[in-house]
Amino acid sequence: MNEMNIKMELTGLQKLTKEQLINIILRKDDMEKRLSCEVGRLQRINRQLTELIEEMDDYKNN
């Protein structure tokens, strides 16, 4: 980023009110929680799929 863009960003941030900053932080926290839940869900699905593949391999080999 060039110096002009950085100055423009800082100016924009300085214009935000305290309430707007709090809302941004709360939204960020909410998004992190939702992403964490989604990661957990995907990990569970991945484990289930891995188990299913292992069962299918076992069945195929018997």
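**Reading a predicted chain by its cut-offs**

Student: Why is R41 called partly exposed?

Tutor: R41 has 38% relative accessibility. Buried means under 20% relative accessible area, exposed means over 50%, and partly exposed is in between (1.4 Å probe, protein chains only). R41 falls in between, so R41 counts as partly exposed.

Student: What kind of model is this, and how are residues numbered?

Tutor: This is a predicted model, with residues numbered from 1 along each chain as its sequence is written. Local features need pLDDT of at least 70, side-chain atom pairs count only at pLDDT 80 or more, totals for chains, interfaces and linings use all residues, and side-chain values use heavy atoms, with hydrogens and water left out.

Student: What makes R41 and E38 a salt bridge?

Tutor: The closest N and O atoms of R41 and E38 are 2.8 Å apart. A salt bridge needs a side-chain nitrogen of Lys or Arg within 4 Å of a carboxyl oxygen of Asp or Glu. The pair meets that limit, so it is a salt bridge. Both residues lie in helix α2, three residues apart, about one turn of the helix. E38 is partly exposed, because its relative accessible area is 33%.

Student: How many salt bridges does a search of the whole structure find?

Tutor: Three. One of them joins the side chains of E32 and K28, at 3.0 Å from N to O. D30 and R34 also meet in a salt bridge, at 3.0 Å.

Student: Where do E32 and K28 lie?

Tutor: Both lie in helix α2, four residues apart, about one turn of the helix. D30 and R34 lie in helix α2 too, four residues apart.

Student: Why is R34 called exposed, and D30 partly exposed?

Tutor: R34 has a relative accessible area of 53%, so R34 is exposed. D30 has 37%, so D30 is partly exposed. E32, at 42%, is partly exposed. K28, at 46%, counts as partly exposed.

Student: What makes a nonpolar surface patch here?

Tutor: L42, I45, L49, L52 and M56 make one of about 440 Å². Patch residues have over 30% relative accessible area and no salt bridge; like charges are joined within 9 Å, nonpolar side chains (Val, Leu, Ile, Met, Phe, Trp, Tyr) within 5 Å. M56 has 52% relative accessible area, so M56 is exposed and passes the area test. M56 sits in helix α2, residues 18-61.

Student: Which residues form the negative surface patch?

Tutor: E51, E54, E55, D57 and D58 form it. Asp and Glu count as negative, Lys and Arg as positive; His and the chain ends are not counted. E51 has 45% relative accessible area, so E51 is partly exposed and passes the area test. E51 is also in helix α2.

Student: How much of the chain counts as buried?

Tutor: Of the 62 residues, 2%. The chain exposes about 6,200 Å², and carbon and sulfur atoms supply 59% of that area.

Key:
Areas by Shrake-Rupley, 256 points an atom, 1.4 Å probe, with all protein chains shown as cover. Helix = DSSP H or I, 4+ residues; strand = E, 2+ residues; numbered from the N terminus. Charge placed at Lys NZ, Arg CZ, Asp CG, Glu CD.
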